Amino acid sequence: RGPASRAWSVCNAAGPGLGSSRRTNRLVASTPLQPVKLSRAELYKPPTSEELSQLKETEDLFHSSLLRLQIEELLKEVTLKETKKKKIDAFLHEINSLLRTIPETPDTELTDQAWLPKGVKVPFLQVPFNVKGRFRFVPPTEMKVVGSYLLGTCIKPEVNVDVAVTMPREIFQDKDNLNQRYHRKRALYLAHIAQHFSKEKLFGSVKFAYMNSNHLKPILLLRPQGKDEKMVTVRLLACPAPGLFKPSRFYPSKNNVRTAWFMEQSTPKEGRAWATEPPTPHYNNSILCDMVLVSHLHFLSSATTDFPGMKDGLALLKVWLNQRQLSKGLGCFSGFLVSMLVAYLLMKRKIVKMMSGYQVLRSTLQFLATTDLSVMGISLVKDVDASLPVLDDFHQAFEVVFVDPSGLVNLCADMTASKYHQVQFEAKRSMEILDDRMVDGFQVLLMTAKPMLRTFDHVFHLKHVCKLQGACKKMQLLNELIDWGGNYVGAALPFIVSLLARGLAGRALLVAHSLPQIPEWPIDAEPPKHKDVGPLTFGLLFVPGFADSTLEKGPQADHPEALDFRTFWGEKAELRRFQDGSICEAVVWEANTVSQKRLIPEQIIKHLLKLHADIPESSICYMGALLDLSVCPQVSGLGEEAMVNVVCSYDDLSRKLWNLKGLPLTVTAVQGVHPAFRYTDVFPPIPMKPIYDFHTRVKTKHLLLPSEEKPCPAYIAPLRIICHMEGSGQWPQDKEAIKRIKAAFHLQLAELLQQQHQLVCRPAVTHTDVYKDGYVFRLQVAYHREPLILKEVVTPEGMLKYQDTEESRQLELETLHLPYLTSSLHGLQQQYPVFGSTCRLAKRWVSAQLLSDNISEECVDLLVAFLFLHPAPFTPPSSPQVGFLRFLDLLATFDWKNNPLIVNLNAGLTGEQAIKNKFVAARSRLPVMFIATPKDHGSSMWTQEQPSAQILQRLLVLASESLRVLEKQLMDPLNRQDVKLVFRPPLDFYDVLIHLNPNQIPRHLESVDRPLKSFSRGVVKNSTSVKILFPVVDYDPVQCYLQELRDAFSDLALFFYDKHGGELIAVLWKPSSFQPQPFKVSNMKGRMVTTLNNKLVCIPNVEAILEDFEVLGEGLVKRVEARTEKWTI
């Protein structure tokens, strides 16, 4: 196996822009991946001992050698090259020598900052401004590189090198630990350095930033000059001289910020002695972090020595965190934190120095998945010291606890419990993925980005963060505000999240929030305020089936918890008697339709935030269901209920068919094949009854016809049902005879349904239409041996053999495969209630892009089914919007050229690898979009004819652009945009537009932008009538016109139309049709003769063709607009 693994160079390495999951669409141009050809000697060379040991390791640890290759390739991508390191080292030396030359400044009061020149502002929010203490600048005693760069665990694309600059002892006084004095000195120290560095030619940019967006900790960012500016960012962190402060002053229970100073009261209020001051753990932690910077570096370097696997493992873990947006912002799970965690596991012998990077990744994820640091913290302290604070002290002060080796610093001080639970949830999910052999773990875990919009079922924004000031007041968080140095976002966030988590308990698996992030700023600008973090985003992940319950049942009225329940829910709580006789507190939410029920969490969130945090509804921008509500208001409103009614009526009809008396053969199966029966019809049928005087009547046949003077009647879709008749020796064995027998059955079914159930029927040769409950069902009789008989071919020698014919394929599709697909997807809808709505959004989008005739409905249904059956790295969608966003992402990023899309319906597939192998072997003969299902391994029957390579490419471009626009809109709560934008097709691509007359478009009301005036369509909504004249079924003049256009001009042009009420047909000329053809009589259709180089040639006669478009569509076509001059030869 060793040499063979060398032969296969298919390593899906990550592209250079690692953060993005966009793979370029290698669809039309490139060739599929192929094994590398090796000479015979190379191929059979015996493996070396190193290869043998690698193979053994691969077998034990990885699912496949491919995973190993992928990981090695990724590590090559993200690690720093030696040449880069040399440049960075030179840059650091120059910074060091510059630092020594910065002049001292005279001694002044801390508040007297006139000595700072105009071009630099202090990077610190000095509120309140007055503070005791004096400051002067003295050059640093030493500069040390700390952090991942020295350890070799620094990864691209963003290379940060942390440099600690030690401030000398003589600039500090006693009591500098109090009232932000230390922090202000630190900020002034950095401001003076910045002002000098800004004049130097060495730097491309000198800027300020907050360390992990913490307002107490400004840092200085230095980037080199010229083309190397993107290469590295050096972050200068100022830290105190060793031994300056007594560590015991900063225990989590100690106070270092006096309330009177913070509130700007001249003297402490009577009776409020120092002893009762609240503890300031976050403030203390921020000073302690600076004191232990260097010791952390020593601790980590002892862990990484002789442990190459740790470097690789950390690189993989950092990529994992980056893809999940967990590694940046206030309270993030930073690269430093994950390094300390791996060192902890090494100390506890959960990891040994023999392990490879992949094992380190697995062990760390396993630990995160199974350990809740918000309940039981962990500590890196080796020898227990009685004077140090214990874990319980930390748990009282912080939500998440992970103590560093000094026993003083909580590394997770700023992290909320909610953020840690999100990390824990992601780790659990990732372990499941790594253990699942059906999933390409590498692609899913390390190469797929998980932005909030595609990860969570509902997302909402708190658009005015300044409202959290009021929340702090309402929730009485003064002590927390003092501790956070006035940062009301950091102070209020944990309380807001736990409030929501309690309100949504039982509905949401996870309530997560985005990490507040403050961008860097130029040194001459004022430092950003707390509100500059921009809108905060929250994500909800629902428990399927429970999120939309309308009742919140509380404790019994006489229980002590009842009071707590009433205080929590406010005036919404009321007493109710339940069926078991108990009288309980309860909250009932108003919601009538399915889609309104999905928005109950919105009602809960707005109610609780108003009640407990004084946050008005106007500040909350709920993006949970913008798409389903705005795109098809009539779709989402009652669509799901309408389909349930259709299915009920169909169930009743199938029972009647089974029990029909008087049929020569019994009905063995009744199977619906219309999309409404699998809940994926975009606009489900509504019960209708025709208005007679709107139509022309055919008295003799009890029929109605469209009237020429009136607008086109409403579109009534026939709901197709396949009726399987039992087999019998009486069936003929001749295909023509079978058709006659089926026609006789259609007649008899109509007669018996009319006699026994008084249903209005209209039989035809190929089917019988039945009008029931206001719907029209189209029954089609099927005989199970008919496809086989259609395959019979007699050879010239008189032998009988079987081979697929077009007719037999079509019949099998209609009577076998379509019913199976419909019942499988019906089952999927029962399992995942939003499956149908997601399909409908996806199909509405495909149709709105004018492509519904080029990609079958079944194909879109299967693509959406894939998202529910194979959701990794996500969870199955619980809202149509997130399903739709993932559908666009799947279209845009799936590698259609090199991979089959395998949809494992009913878990009926086991040999996925065999399908892939066959696919690679036969790639050139297979359709461009290949979808395999348990009943269809090798032919991809739903995509055989279409889409073509060009249409698929067009679809991918549209999907990727729509996704970009939509995600931008949904993440921007300050400008409420029109999300219908992605449902309006770009028309500049087409050559000719044929504008249609709206009163002849029967589905005009289904268009994305609802027309201002609509026409009466000659029907009333009614399902009770029994004796009626049969309505006009399946009549859409635009479709008839399109068919005529395609029959006449398909060799010259392609025609595109939105069947849901589109007002125009878009025409694209085929480039090949404009090549001059030699003059022949057979070439003359739609062409005219001209001379080119003294030869007679034919070219398309465009003017005449455009005239034909109008003539063919007389009464339907308003005007024909030629957009381009592409036909000038």
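Visitor: What pLDDT does the protein average?

Guide: This is a predicted model, and the protein averages a pLDDT of 83. A score of at least 70 is reached by 90% of the residues. Over residues 1-29, however, the pLDDT is below 50, although this stretch has 66 contacts in the model beyond near neighbours in sequence. The pLDDT also stays under 50 over residues 633-637, where the model has 16 contacts beyond four places in sequence.

Visitor: How many residues of strand β13 are buried?

Guide: Strand β13 spans residues 536-542, and seven of its seven residues are buried.

Visitor: Which residues of β13 lie on one side, and which on the other?

Guide: In a regular strand the side chains alternate between the two faces of the sheet. In β13, one side carries Leu536, Phe538, Leu540 and Phe542.

Visitor: In which sense do strand β10 and β13 pair, and over how many bridges?

Guide: Strand β10, residues 458-462, pairs with β13 in the antiparallel sense over five bridges. Within this pairing, Phe460 has Phe538 of β13 as its bridge partner.

Visitor: How many bridges join strand β11 to β13?

Guide: Strand β11, residues 508-513, is joined to β13 by five bridges, and these two strands run antiparallel. Here Val511 stands opposite Leu540 in β13.

Visitor: Let us turn to a helix. Why is helix α9 described as largely enclosed by the rest of the structure?

Guide: An α-helix has 3.6 residues a turn, so residues three or four places apart point the same way. Helix α9 comprises residues 281-291, and it is largely enclosed because nine of its eleven residues are buried. The buried residues are Pro281, His282, Tyr283, Asn284, Asn285, Ser286, Ile287, Leu288 and Asp290.

Visitor: What covers the buried residues of α9?

Guide: The cover includes the helices α7 (181-197), α10 (293-304), α14 (391-397) and α19 (478-483), together with strand β7 (233-240).

Visitor: Is Leu288 buried or exposed?

Guide: Leu288, which has its place in helix α9, has a relative accessible area of 1%. Buried means under 20% relative accessible area, so Leu288 counts as buried.

Visitor: With which residues is Leu288 in contact, leaving aside its neighbours within four places in sequence?

Guide: Leu288 is in contact with Phe250, Leu408 and Val409. As for distances between C-alpha atoms, Leu288 and Phe245 are 9.2 Å apart in space, while 43 residues separate Leu288 from Phe245 in sequence.

Terms used:
Residues are numbered from 1 along each chain as its sequence is written. This is a predicted model: local features need pLDDT of at least 70, side-chain atom pairs count only at pLDDT 80 or more; totals for chains, interfaces and linings use all residues. Side-chain values use heavy atoms; hydrogens and water are left out. pLDDT is the predictor's confidence in each residue, from 0 to 100. Contact means heavy atoms within 4.5 Å. Buried means under 20% relative accessible area, exposed over 50%, partly exposed in between (1.4 Å probe, protein chains only). Helices (H or I, at least four residues) and strands (E, at least two) are DSSP runs, numbered from the N terminus. Two strands pair if DSSP finds at least two bridges between them.
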